[in-house]
Amino acid sequence: MTEPAICRSIAALRDTLKPARMADERIAMVPTMGALHEGHLSLVRRARQEADRVVVSIFVNPTQFAPTEDFDAYPRTEERDVELLRTLGVEAVFAPSVGEMYPAGFATGVSVGGPSVGLESDFRPHFFNGVAVVVTKLLLAALPDVAVFGEKDYQQLCVVRRMALDLNLPTRIVGAETVREADGLAMSSRNVYLSPDERRTAALIQTVLTEAATAIGDGGDAGAILAAGRERLAAAGFRVDYLELRDADTLAAVTAGTASRRLLVAAWLGRTRLIDNIAV
Ligand SMILES: Nc1ncnc2c1ncn2[C@@H]1O[C@H](COP(=O)(O)OP(=O)(O)OP(=O)(O)O)[C@@H](O)[C@H]1O
Ligand SMILES: CC(C)(CO)[C@@H](O)C(=O)[O-]
Ligand code: BAL
């Protein structure tokens, strides 16, 4: 059991990490919005394999939520989160206030093109600007050697990779596999919004993804397969934002030269928006 240092300020985080840095130890960061589940914990375990010290950030970032979205309702369970992290040997938990991250008069943006175009951006146009600015700030606060992000948020992972490359950030970005419930539903902090009925239906997302990925991989007509997938989800009560096939590296449209493909989905079940993806 390690007692993680709870750092509320960037200065406190840097002080906490200083001895490790002076000793030339490797530092890994896992950025989260808290309400931790097994998916997050798998990222922490991965981070521990990659480095000597692990810092986990817990920050519900207001700039990636639209005014109509669930910033206020987003689950906040810091005490329980720290309890879970205690068992995993985490050096520091960075849990700043909004004021610490966004001082009065904050006026700077980070805007990423390329993989942020389309998909999530068509439905959450503010989202990647908010993610890009906060991830930049988190990485500059901790200056980790490695940062671990989940493939569950596949487009976010691609955007962060692009940004780290373009801005010469001194952090290697590592993607970690999606952790799923027994019925295949991707773990997500927002799954707690689902009613028992919706929770049962939610597993259909993974079924549709795997069946469509297999059919497309076998050479089927992607357009027809995706249309059938959208219809199947709609018939079960989902409101589908997108179910699309993209280049797995750039997230551009698939062409004859595309080396690897990824199928990505976002769909609403009642008031809960679920996302998932799969390699094809
Ligand atoms: N099931 C999962 N498997 C692996 N990584 C995950 C999983 N769920 C989330 N992550 C990763 O954890 C990090 C923090 O994500 P976040 O705190 O937003 O959790 P979340 O469960 O995705 O919540 P939300 O419901 O807000 O999408 C991200 O890199 C995200 O991709
Ligand atoms: C990367 C992140 C922590 C930035 O707020 C968030 O988008 C998330 O939890 O995936
Ligand atoms: N998991 C990504 C954070 C968000 O949806 O706001």
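User: Which element gives the most to the shell around ligand 2?
Analyst: Helix H6 does, with three residues, in a predicted model where local features need pLDDT of at least 70, side-chain atom pairs count only at pLDDT 80 or more, and totals for chains, interfaces and linings use all residues. Residues are numbered from 1 along each chain as its sequence is written, while chains are lettered from A and ligands numbered from 1 in the order in which they are written.

User: And which residues are around ligand 2?
Analyst: Among them are Pro31, Thr32, Met33, Val131, Val134, Val135 and Asp153, a residue being near if its C-beta atom, placed from the backbone, lies within 6 Å. Strand E2 (27-32) and helix H6 (127-142) each supply at least two shell residues; helices (H or I, at least four residues) and strands (E, at least two) are DSSP runs, numbered from the N terminus.

User: Switching topic, where does UniProt place the "active site"?
Analyst: The unreviewed UniProt entry places that feature at His40, given in the numbering used here, with the caveat that annotations may be inferred rather than shown by experiment. His40 lies in helix H2 (residues 38-50).

User: What domains does the chain have?
Analyst: The assignment, automatic or from a database, gives domain 1 (5-176) and domain 2 (189-279), and their centres, taken over C-alpha atoms, are separated by 26 Å.
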